[in-house]
Each structure stands twice: as structure tokens, then as C-alpha cells.
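Trainee: I would like to learn how to read domains, packed helices and chain contacts from a set of coordinates. Could we work through an example together?

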Amino acid sequence: MREDEFYVGYLPHAPAGVARVVRRAVVALLVLVVTLSVTLVVAQMPFAEASFEYGVVREFAGVLYEHPFPHVVLQDGAVHLLAGAGKRGSSEVAGHDGHDVRLRGSRILRAGMTMVEVETGSVRFGAASRGPEEVVELGRAALQGEIVDGKCYLGVMNPGVGQVHRDCAARCLAGGLPALFVTEGRVLVLSGFDAKARMDMVGVPLTLEGVRKKIGGLEVFELTGR
Amino acid sequence: MSVTYAAVQWNGQKKLYDWVIAAGVVLYLGLFVGLGSVVHPQATAETLLIRGLGTAAFLLLHVVLSIGPLTRLDRRFLPLLYNRRHLGVTMFTLAFAHGVFSLVQFHALGDVFPLVSLFMAPARFEQLGFAALVILFLMAATSHDFWLKNLTPRVWKRLHMLVYGAYVLLVAHVSLGALRSERNPVLVGIVAVGVCVVAGLHVAALVVRRRYVEVCEVARIPENRAVLMKVDGEKIAVFRHDGKVSAISNVCAHQGGPLSEGKIVDGCVTCPWHGYQYLPETGASPPPFTEKVAVYPVKVEGGKVMVQPCAKTNSM
């Protein structure tokens, strides 16, 4: 740059020395843009194998149970947890524990667990055909893990765990979606957790004390203390 | 310069500047989302978009904050400053899109209104991001010269200095949010380098502005008179009087007369054109007059006069 070079923005051209430096700066910035975008993409943690069959509506028939969270036991014995639209539980099925049920919805799948987002207005109940599900107590336990909402964790959002998803999980659980406890490689349905009162416990590593149970086909952790 | 307000007073340099901004943004987002969907096929489009928009805005904020000190260190970077407000508005637009997508993704369709949900939420990092977004909105909305004139330069400048508050909030937003979920140390390193670059450039610019420059020997200045010095483009009149040395702007606040050709009369620098007077230590006219000129820090070491080219006060 010559000493007398002076840049004025509204003139057609920048002085040669100034323009040369700015061209180099722009090229450096574009290289930074490419380098950073590629690095940030690669450096992200892997995303879980989970899926939400958005827009794919299937029909399900079985027996409805409401505890600890609404779920349907299909004729082949498979258990599907139920969710409502958005960040809300499936309120349509309330008051029909043990009834035959037919409903339509979209599957949410992760690691052998399935949830169904129930299509509004699609639920049809039959007679109350069954008694309560068999409950088997597996003993007391103190488990380390993280409280998540079942709908996001199983595939509607990815990632559905951790700090970034924490507020969403709290809102989903406050809306009545099934709570899960992700612990040491296992995913348990969490019973007895008051999400609205204890939002601070959602989405962070913690230790919970409770009783492990098998309720029908669901593995459940019933909370007794923190 | 203009006598009327226009949304944007376009010229060739501004158009070129904006094309480069657009190319950079499209390149970044295209790579992040495009490559992201290949490398992470399980990631949803919303997640990639939220992350891409957020990181693009954060990167752009670093560029915006680096330009100021960079131009003080080397004037050849001044063209980057010329249309910086468009860079700032682009950064706000990206941050706003990131915020809206995140609000919808994480707070909509629940049992309370999304903004209420945001403020009830247990992870505080989103609230920090919201606060930063409010500041960035105020800056983007008042970036036009209309607001500069109507808010007055002093208020406008103070408002726009809040960008540093927004930056601190966003560093906390990223550190308490994404960096606690994504445990790759490379990401922590990138944020740390960004903070160091912004802080380092500001400290370097401050050091350069506050360095003393040797201008002349004291003996060269006649008693009660001055010599004219040009330091970093500033014309400074260096006076000697009563065993002391003072440095003030060479330009009289009255009609721009050359104060270096004036004389100390009754303890005041007196302009040779119309006799306007200024106290050499403060640059202020003696009461009841209110004119003021810039003064510069000055010291004498080993018979040499040293001046800081950064004015202590100015006539604004």
C-alpha cells in the first residue's frame, strides 16, 4: 500500500494496494467458512438410530392400558406406548383401561421400543375385555441416568437427550407424554415422576431410587426418591 | 454523504460487499446442511438448520467484532468496515431464524404459549440466547442513519456498544448449551479460539492506540509556542509553556485556524486567526466560553516529547 492510498467507499474502485489486501482477506474468510462448516459437521456427536414415520399412518388394534402411561398391547403381544399430537399426551384414551381399542397413528421407533403418535379422532373403543396387566416386582434399585420424554427420545427429535434438548423434554413431560429413564444402556418407563413440579430434574444426569417392575410387556422404574 | 434518507444508498462497493456476504452465507449453510445430511443421515432437517443458522450467526458475529480493531491495526482493512452494518443485519437475520426455529422446535405445540415455555424452561442457556437476540434486534433495527441522527450519535453509539454484551451472552449461550451436549473437545477449542481472536484483536488495537510516539526534542519547541506534528494521520500542535508540554488538536473549533501557529497568551493557546483561546491541559476554552478541542496524552523522556495519537477528549 502506498502511503497516499486512501479508500472511499462510494468511489468506483478501491486503491490497488487496499484492494489486494481486501481480496486476500475475503479469500481467507471464504476458506474459513468452508473449513469451519466441514469441521463442525464432522465434529458433531453421532445421531442415534431412531425414526419417526411422519406422514405414514397405520392402523393398530389391541387392548388399551393406561398405567403407568397409555399403551396398547397388540394382538401379537407387542407393546406400543401412545402419544398425542405435538408435546401432549394421548388424552383421548383416558378412562378406558383394559378396553379393546382400534386407532390410527404414526410409529416412532428406537432400539426395539415403539411409540405411536395417535391421529386425532381415530380412536375407537370396544368392550372392556381384560383385567389389569400382570405386575412383577424386580426389586429396589438406585440407578444413574437421565429423564427424557418418550416421544422425542424414541425418534421425533434427534438428539432427544442432553442439555440442548432439555427444555423440550421438560415441556413434553409437562404436557403428559410418557417419561423414560435412560440408564446404563437400558431404557425404562419412569413412573411416579411429577414433571411439572420437578422440571429441574429433566435432561440432566442424576441418580434415582425406586423399584424396578415389569408391568405386562413394559420395563418400569417406579420412583420412590432421588 | 447524503441530504436525504434512503433505505440503502447503493453503490458498486456496497453491492460487491453484499454479494460476498450472500456467497459466504449460502456456502456455509449449503455445506453445513448438505454435508450434514450425508454424514449424519439420522439427523432431521430441522436440527441441521437450527445448528447451521446458529453457528453461522455466531461465526459472523466474530467477523463483525474483529473488523473494528483490525482496521485500527492496519488501515488497509477499512473497506471491510465500510458496509459492516449489512454484515450485522445479516448476522441478526441468521440469529433470528435460529431463534424462531428453536422456539418452534423446542417450545411450540405444548401446554403453554411458546414464549412462556421458554421462560419456564430449566436450561437457562436459551434465555441467554433470547436476551442476546433482543440486543441484536435493537441494533439491527436502528442501524440506519435515520436512527443515528434521531437518537443522537451519543445514544446511538452507546446502544450499539451493547453488541459486546450480546457477545458475552452468546458465548454463555453456546457454552452452557451446545458445548454441554456435544462433548467433542474440538468444538470447545473452536469457541475458545474465536473468543481469543476477538479479545486479542481488541487488546492489540488498544495497545497500538495507547502507545507513545516520539515526535521531537523539547528544545526544538520555542517557549509559549508550538510545533506541528503529524502522528498516525492526526495533526497535533505540541506547545511548550512554563516548563510543561501540551499536545492539542491543530484545528481551532471556531473556523479551523492552525493552532500550531498560535501562541500561549495568559496561559491559553491562542488561535492566530481570531484569537480563540483554549487551556492547553484540557482543550476547553476558559469560562464562560464553551468551545473545546481534542487534547492528547503527552510526556517528556530524555528530552524527547512523546505523544499518544489517541485523543483524550474531542470537540463533539
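**Reading domains, helices and contacts**

Mentor: In this predicted model, the C-alpha centres of domain 2 of chain A and domain 3 of chain A lie 19 Å apart. The assignment for chain A places domain 1 at residues 1–44, domain 2 at 50–128 and domain 3 at 135–225.

Trainee: How many residues does the contact take from domain 2 of chain A and from domain 3 of chain A?

Mentor: Domain 2 of chain A contributes 22 residues to that contact, and domain 3 of chain A contributes 21 residues. On the domain 2 side, the elements that give two or more residues are strands E1 (50–52), E3 (71–74), E4 (79–83), E5 (99–110) and E6 (113–118) of chain A. Sorted by class, the residues on this side of domain 2 of chain A comprise 14 nonpolar, 5 polar and 3 charged.

Trainee: Into which domains is chain B divided?

Mentor: Chain B has domain 1, covering 12–210, and domain 2, covering 214–307; the centres of these two domains of chain B, taken over C-alpha atoms, are separated by 44 Å.

Trainee: How should I describe a pair of packed helices?

Mentor: The general idea is that two packed helices are described by the angle between their axes and the distance between the axes. Here, the axes of helix H6 (residues 125–141) of chain B and helix H9 (residues 163–176) of chain B come within 8 Å and cross at roughly 155°. Because angles over 145 degrees count as roughly antiparallel, H6(B) is roughly antiparallel to H9(B). The crossing of H6(B) and H9(B) is left-handed.

Trainee: Which residues make the contact of H6(B) with H9(B)?

Mentor: From H6(B) they include Phe125(B), Leu128(B), Ile135(B) and Met139(B), while those from H9(B) include Val163(B), Leu169(B), His173(B) and Leu176(B). By class, this contact of H6(B) with H9(B) has 13 nonpolar, 3 polar and no charged residues.

Trainee: And how would I approach the contact between the chains?

Mentor: The contact takes 45 residues from chain B and 48 residues from chain A. On the chain B side, the elements giving two or more residues are helices H1 (12–39), H2 (45–73), H3 (78–82), H4 (84–107), H10 (178–181) and H11 (185–210) of chain B. H1(B) gives the most to this side, with 11 residues.

Trainee: What is the make-up by class of the side of chain B that touches chain A?

Mentor: That side of chain B has 23 nonpolar, 16 polar and 6 charged residues.

Methods
Residues numbered from 1 in each chain as written. Chains lettered and ligands numbered in written order. Predicted model: local features only at pLDDT ≥ 70, side-chain atom pairs only at ≥ 80, totals over all residues. Contact = placed C-beta atoms within 7 Å. Helix = DSSP H or I, 4+ residues; strand = E, 2+ residues; numbered from the N terminus. Nonpolar A, V, L, I, M, F, W, Y, C, P; charged D, E, K, R; others polar. Axes fitted to C-alpha atoms, helices over the stretch in contact; angles between N-to-C directions. Parallel < 35°, antiparallel > 145°, perpendicular 65-115°, else oblique. Left-handed = near helix turned anticlockwise from the far one by under 90°. Domains from an automatic or database assignment.
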